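Work through the following exercises with the sequence and the model at hand. Try each task before reading its solution.

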Amino acid sequence: MRSPIYRVIIEYGYRKKGAVRHYQYKKIDTFVLTNDLELIKKDKYIIEKIMRQTKTKHKELDITFKNIYIEGQYGETNY
């Protein structure tokens, strides 16, 4: 069964776990398989992309989602 692919722009903040300093904010533009905001926040692939994009040596980060904008459906999967 085919499922829809959505393009999303996510604004997020990150800091080292346990740090008291303020969050550093960035954006990521990516594709997801759902338009449910709670599922997007918990998606392990999104978290891994954010970890790669931050280019930090710390493996544990506090990540907060400032804004998630779902741009629209871009197509369907082949499987």
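**Exercise 1. How many helices and how many strands are there in the chain?**

Before the solution, two remarks on the basis of the work are needed. The model is predicted, and local features need pLDDT of at least 70, side-chain atom pairs count only at pLDDT 80 or more, while totals for chains, interfaces and linings use all residues. Residues are numbered from 1 along each chain as its sequence is written, and side-chain values use heavy atoms, with hydrogens and water left out.

Step 1. Helices (H or I, at least four residues) and strands (E, at least two) are DSSP runs, numbered from the N terminus.
Step 2. Counted in this way, the chain has 2 helices and 3 strands.
Step 3. Followed along the sequence, these elements give the pattern β-β-α-α-β.

**Exercise 2. Describe the order and the pairing of the strands in the sheet.**

Step 1. Strands of a sheet pair through backbone hydrogen bonds, either parallel or antiparallel. Here, two strands pair if DSSP finds at least two bridges between them.
Step 2. The sheet is open, its 3 strands have the order β2-β1-β3, and the pairing is antiparallel.
Step 3. Because β2 (24-32) and β3 (61-76) each have a single partner strand, they stand at the edges, and one side of each is left without a neighbour in the sheet.
Step 4. On average, neighbouring strands of this sheet are turned by 15 degrees against each other, direction ignored; axes are lines fitted to C-alpha atoms, for helices over the stretch in contact, and angles run from 0 to 180 degrees between N-to-C directions.
Step 5. Strand β1 (residues 4-16) pairs with β3 in the antiparallel sense over 13 bridges, and Thr 64 in β3 is the bridge partner of Gly 13.
Step 6. Helix α2 (residues 44-54) packs on the sheet and touches β1, β2 and β3, and its direction makes about 135 degrees with that of β2; contact means heavy atoms within 4.5 Å.

**Exercise 3. Which residues touch the most other members of the largest nonpolar core?**

Step 1. A nonpolar core is a set of buried Ala, Val, Leu, Ile, Met, Phe, Trp, Tyr and Cys residues joined through side-chain atoms within 4.5 Å. Buried means under 20% relative accessible area, exposed over 50%, and partly exposed in between (1.4 Å probe, protein chains only).
Step 2. The largest nonpolar core has 13 residues, of which Ile 10, Tyr 12, Val 32, Ile 40 and Phe 65 touch the most other members.
Step 3. At least two residues of this core are supplied by each of β1, β2, α2 and β3, and the largest share, 5 residues, comes from β1.
Step 4. Leaving aside neighbours within four places in sequence, Val 32 is in contact with Pro 4, Ile 5, Tyr 6, Val 8, Ile 40 and Ile 46.

**Exercise 4. Is Pro 4 buried, exposed or partly exposed, and which residues does Pro 4 touch?**

Step 1. Pro 4 is found in strand β1.
Step 2. Pro 4 counts as partly exposed, because its relative accessibility is 25%.
Step 3. Not counting residues up to four places away in sequence, Pro 4 touches Val 32, Leu 33, Gln 73, Gly 75 and Glu 76.
Step 4. Although Pro 4 and Tyr 74 are 70 residues apart along the chain, their C-alpha atoms are separated by 7.6 Å.
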